[in-house]
Amino acid sequence: MTITKMSWRPQYRSSKYRHVFGKPATKENCYDGVPITRSVHDNHLCTVNPRFIAVITECAGGGAFLVLSINHTGKVDPHHPRVSGHRGNVLDIKWNPFNDFCIASCSEDTTVKIWDIPEHGVLKNITVPRKELQGHSRRVGLIEWHPTANNIIFSTGYDYQVMVWKLDVPEQVIKNPLRSISVHSDVVLSMSFNTDGSRLATSCKDKKIRVFDPRTGTLLQETNCKSHKANKVLFLGNLKMLLSTGNSRWNHRQIALWDQEDLSQPSYSEDLDGSSGVLFPFYDPDTHMLYIAGKGDGNIRYYEISPEKPYVHYLTEYRSFLPQKGMGVMPKRGLDVCSCEIFRFYKLVTIKSLIEPLSMIVPRRSESYQEDIYPMTAGNKPSMTADEWIGGLDKGPVMMSLRPGSKLDSYVELGSGKDPTDSMETQHSRSRPGLSLLIQERLDAKEGNARKESPPTSLLPSTDEKSSSTTYVSNGQLDSMHCSPPKTENEVCYM
């Protein structure tokens with residue numbers, strides 16, 4: 001008798017993110033009474049950084065948006081001061097990735113404006129911008145900061161132009177962009193940069209995806225696929241792939257994956273449902289997780305992306321009865337690493353005039369810092385100046401550690417082939433007590449210092465004689481050496 005040995009394979013794919021769950025904020029930690037805009041424009045309508053949250057609001061006469069301190073939760077004063085210098089409805093807002101006190105807005109009045117926000121927040125109405133960009137002939141629908149170059153911003157409007165602006169010039173009113181890119185035949189619906197900003201992808205009302213060189217405007221790739229009508233497009237980090245959301249030929253909502261070097265046919269596509277709301281895609285390059293949130297939906301689907309087939313691996317979905325009109329996303333440096341939080345949304349719930357924070361959490365039993373889910377991530381320092389970028393230079397983002405106790409100046413440039421300590425001058429970094437003990441030890445080892453004495457007291461965290469825990473300042477908050485991550489969705493631990 002012949003016995004055939006068969007190998008058993010699990011039906012699911014093993015993943016450390018398999019049990020990620022969404023944890024909505026309690027009522028007192030939401031922003032209540034916010035007059036969210038009733039605009040039908042399919043943008044996020046909200047932008048967040050570790051200090052402030054900004055949301056486009058409904059107002060009579062002109063356009064305005066609200067800027068609140070990130071800790072200003074609870075009931076919002078209906079007469080709270082606003083940023084209200086536009087003569088038409090505000091359509092998009094974006095924080096400067098390298099300056100938490102600088103925000104850009106664009107409007108139906110055909111302008112883009114750059115605003116400085118006071119350190120203590122908006123205490124009175126702000127009507128005069130730091131810069132005003134005048135170049136579009138019709139309303140401006142989208143803006144996007146360059147991901148690695150300082151003082152470079154892109155805008156696109158209903159004149160079908162994509163304009164490149166340099167902000168570090170003396171003029172308060174800038175009338176001539178660096179470049180005006182004319183490769184679109186209709187309104188641009190979304191823009192997305194790759195990691196180093198050397199490629200810009202757009203989706204257009206003509207249902208095509210285009211990839212071009214943002215510096216020269218040269219068109220590199222263009223879709224001509226009839227089976228997928230793209231609405232939003234997103235570069236997937238360093239995977240050299242694009243993700244688009246849109247509709248199939250049968251008008252089902254659909255996601256599609258593309259090779260950035262070949263847009264003739266999607267590498268992967270999946271129909272989701274027959275709803276009509278626009279699908280907003282969000283990608284986390286650190287965890288390779290993709291989140292899909294539909295406008296008007298209450299749920300958020302999430303997936304894990306891999307560079308090999310089948311590329312897209314469904315994890316699960318967060319479900320809620322509260323429909324979202326728009327979404328803001330907190331940058332990684334603003335997350336609570338002690339709670340194993342890997343992503344945070346800010347859901348705009350128009351029917352309740354509510355902004356609801358939603359944390360995506362990896363349940364872990366260990367109380368130590370989870371290095372495997374927090375690799376080095378893009379920080380808030382530019383890797384080059386505007387002039388360097390204009391001159392032809394492309395650089396990846398400057399990376400930082402999220403480890404509690406590490407200061408935001410513990411940086412290393414992506415793709416440099418160095419570890420974090422190589423990117424800092426030894427003598428200079430030794431004078432900065434904010435460096436983590438780990439980095440200091442590595443610096444000592446590199447200098448051939450074999451001393452085994454205890455670290456200098458200037459590098460040790462301060463402790464209270466009556467307290468058994470040690471606190472560090474990280475991500476703008478006090479963090480504990482031994483954090484207490486959530487045990488469950490309902491405090492139940494998953495392994």
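Pro-310 lies in the loop between strand 27 (300-305) and strand 28, with strands being DSSP runs of E of at least two residues and helices DSSP runs of H or I of at least four residues, both numbered from the N terminus. Lys-309 and Pro-310 are joined by a cis peptide bond, with omega about 5°. This is a predicted model, in which local features need pLDDT of at least 70 and side-chain atom pairs count only at pLDDT 80 or more, while totals for chains, interfaces and linings use all residues. Residues are numbered from 1 along each chain as its sequence is written, and side-chain values use heavy atoms, with hydrogens and water left out.

**The chain as a whole**

- The protein chain contains three helices and 36 strands.
- Of its 495 residues, 53% are buried, where buried means under 20% relative accessible area, exposed over 50% and partly exposed in between, using a 1.4 Å probe and protein chains only.
- Among contacts in the protein chain with a separation of 6 or more, 52% come from residues 24 or more positions apart; a contact means heavy atoms within 4.5 Å.

- Four strands form an open sheet in the order 25-26-27-28, with antiparallel pairing; two strands pair if DSSP finds at least two bridges between them.
- Strand 25 (279-284) and strand 28 (312-318) are the edge strands, each pairing on one side only.
- From one strand to the next, the twist averages 25°, taken between axes that are lines fitted to C-alpha atoms (for helices over the stretch in contact), with angles from 0 to 180 degrees between N-to-C directions.
- Six bridges link strand 25 to strand 26 (residues 289-294) in the antiparallel sense, and Leu-279 stands opposite Gly-294 in strand 26.
- As background, strands of a sheet pair through backbone hydrogen bonds, either parallel or antiparallel.

**Strand 11 and its two partners**

- Strand 10 (residues 111-116) and strand 11 (residues 131-134) run antiparallel and are joined by four bridges.
- Val-112 has Leu-133 in strand 11 as its bridge partner.
- With strand 15 (residues 173-174), strand 11 pairs in the parallel sense over two bridges.
- Glu-132 is the residue opposite Val-173 in strand 15.

**Backbone angles to look at**

- Most residues other than glycine have a negative phi, and most peptide bonds are trans.
- Thr-110 has a phi near 75°, a positive value in a residue other than glycine.
- Thr-110 is found in the loop between strand 9 (102-107) and strand 10, and is partly exposed because its relative accessible area is 23%.
- Asn-251 is not a glycine either, yet has a positive phi of about 70°.
- The loop between strand 22 (241-248) and strand 23 (253-259) holds Asn-251, which counts as partly exposed because its relative accessibility is 47%.

- Glu-341 belongs to strand 30 (residues 341-349) and is buried, since its relative accessible area is 3%.
- The side chain of Glu-341 makes a polar contact of 2.6 Å with the side chain of Ser-359; a polar contact is a pair of N or O atoms within 3.5 Å, where within protein one must be able to donate a hydrogen and the other to accept it, and residues adjacent in sequence count only if both atoms are side-chain atoms.
- Not counting residues up to four places away in sequence, Glu-341 touches Leu-335, Asp-336, Ser-359, Met-360, Ile-361 and Tyr-374.
- Asp-273 sits in strand 24 (residues 268-273), and leaving aside neighbours within four places in sequence, it is in contact with His-252, Arg-253 and Arg-301.
- The side chain of Asp-273 makes polar contacts with those of Arg-253, at 2.8 Å, and Arg-301, at 2.9 Å.
- Asp-273 and Asn-247 are 26 residues apart along the chain, and their C-alpha atoms are separated by 9.8 Å.

**Cysteines**

- The structure has zero disulfides, a disulfide being a pair of cysteine sulfur atoms within 2.5 Å.
- Cys-204 is buried, with a relative accessible area of 0%.
- Cys-225 is also buried, with a relative accessible area of 12%.
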